[in-house]
Amino acid sequence: HFMLPAAQCRISSRPSRCASPAMTQQLGRSTEELSPIAVENVQSYRRNGTSSTHMLGAAPGLKRCRCRFPLYAQVMAGMVLGILLGWLAPEVAANPWIEALGKLFVKMVKMIIAPIIFCTVVSGIAHVADAAKVGRVALKAIVYFEVISTLALMIGLLVAEVVQPGRGLHAEPDEAAVKKYEEEAEQHSTLDFVMGIVPNTVVSAFVDGEILQVLFFSVIFGFALLGAEKVEVLHSLIDQVAHGMFGVVKIIMKFAPFGAFGAMAHTVGKYGIGTLGSLLGLVATNYVTSLFFVIGVLGLVCLCVGFNIFRFLYYLKRELLLVLATSSSESALPSLLERLQEAGLSKPVVGLVVPLGYSFNLDGTNIYMTLTPLFISQCMGVDLSWGDKIKVLAVAMLTSKGAAGVSGAGFITLAATLGSIHPELVPGMAIVLGIDKFMSECRSLTNICGNAVAAVVIAHMEGELDIKEFKAALHGRKEHESDIEDGGKANESSLDDTDSDV
């Protein structure tokens with residue numbers, strides 16, 4: 001991090017304003033929390049008034065070589081390069097090895113989701129003095145989820161009815177193309193969802209990576225430790241494991257640019273930009289509707305709480321880019337949990353609300369679940385009565401539950417919805433099969449935005465939100481630890497003593 005020479009710094013009893021915000025932040029932390037390089041910089045700064053990295057840069061004959069390319073910019077660069085490769089050399093981009101880059105990154109992230117959720121939820125509940133508070137948080141979260149999800153479903157239904165993006169297309173569906181999705185949808189019932197909450201064994205929940213099952217066991221285990229005697233060592237062990245797991249997240253995130261490159265290159269190379277074709281109206285309608293929901297509905301919720309939705313989304317830019325590249329909101333789940341805690345949200349609220357939202361608060365999927373059935377019916381010339389449309393809304397409210405942020409899960413729930421309303425519309429899914437990959441990105445982005453906002457809202461309602469810390473995070477005056485390690489330059493406004501409204 002850039003600093004002026006020590007000779008130019010004014011002698012002061014407080015940390016020099018010549019120090020970067022990262023160094024100022026590091027000076028107030030214990031050495032156990034810092035990386036070895038950061039520890040060396042802090043010790044050197046306390047001795048000489050400058051950091052070892054600056055001393056290296058100032059030494060004659062030595063040139064400073066410090067990466068100033070933060071992770072979110074690397075991910076963006078990977079996406080751009082992937083799109084260019086898919087466009088200019090589609091035969092190369094369609095190679096299975098290119099696709100494997102994106103799939104391997106997503107698999108690495110999914111590998112650590114279960115232990116992170118377990119450690120975060122158990123640690124959060126075990127440190128809560130009032131057991132009733134956990135139930136209160138979960139109840140508020142579910143009520144909030146149902147209200148917002150219903151709004152998303154209604155918005156999708158109204159937009160499809162007003163815009164009518166499928167009118168006049170007269171498409172001929174291919175029944176064979178959606179056969180496998182129809183078979184999977186037959187197994188996706190409300191009863192199966194309820195039965196699927198409880199795992200067959202504790203180990204199977206972690207092996208299969210079922211978020212809701214892991215959350216179910218974590219809550220029970222956390223309550224078992226709540227108020228129990230002689231479990232301090234176990235509390236400490238779980239906290240240390242969680243700390244280690246977030247360290248693993250930082251390592252995996254360094255491969256994010258390669259995953260973004262592979263996923264985008266394969267998508268564009270295999271499907272092609274021309275795939276949009278005559279279906280561009282549906283894609284555009286889906287994106288505009290989701291954008292309206294995020295800015296209009298979620299933005300209004302944010303204003304009621306007291307913060308700006310745009311600043312909040314910019315704070316989560318790295319997670320949003322990961323979701324955009326991989327078309328899966330699960331790819332950013334571990335990083336999102338850490339990011340929200342660093343913004344001043346308490347661990348119990350984050351650990352409970354966010355994983356719960358991945359099953360009960362899929363706003364992007366809800367918009368898709370009402371917008372697409374009406375589009376298909378318009379394409380096939382099937383007129384739906386208002387009774388049928390209300391049935392679409394009611395069935396989609398049930399079938400969308402449990403469609404966690406896995407890429408393509410929305411397509412399966414769409415088959416379940418169509419099969420419950422008008423079975424003759426199921427073959428029409430082939431009409432949107434080619435563009436589902438592009439729409440999946442929109443669904444995942446909206447899902448993660450909705451869950452992030454939900455965590456802040458519930459934390460604010462419970463008094464578990466550090467307002468000062470949250471403001472500092474949104475204004476860039478509190479750096480993300482991995483951004484410091486990646487050489488991200490701090491915002492100079494963090495040196496100012498003035499504050500402003502979120």
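**Helix α6 and its neighbours**

Helix α6 passes α18 in a left-handed crossing, meaning that the near helix is turned anticlockwise from the far one by less than a right angle; clockwise would be right-handed. This is a predicted model, where local features need pLDDT of at least 70 and side-chain atom pairs count only at pLDDT 80 or more, while totals for chains, interfaces and linings use all residues. Residues are numbered from 1 along each chain as its sequence is written, and side-chain values use heavy atoms, leaving out hydrogens and water.

Helices here are DSSP runs of H or I, at least four residues, numbered from the N terminus. The axes of α6 (residues 96–126) and α18 (residues 347–360) come within 8 Å and cross at roughly 135°. Axes are lines fitted to C-alpha atoms over the stretch in contact, and angles run from 0 to 180 degrees between N-to-C directions. That makes α6 oblique to α18; oblique is what remains after under 35 degrees (roughly parallel), over 145 (roughly antiparallel) and 65 to 115 (roughly perpendicular).

In α6, Ile117, Thr120, Val121, Ser123 and Gly124 meet Lys347, Pro348, Gly351, Leu352 and Pro355 of α18, with contact meaning heavy atoms within 4.5 Å.

Next, α17 (residues 333–342) packs on α6 at about 40°, axes 8 Å apart, so this pair is oblique too. Among the residues meeting there are Ile113 and Ile116 of α6, and Leu333 and Leu337 of α17.

Ser377 touches Val382, Leu384 and Leu425, not counting residues up to four places away in sequence.

How values were computed
Helices (H or I, at least four residues) and strands (E, at least two) are DSSP runs, numbered from the N terminus.
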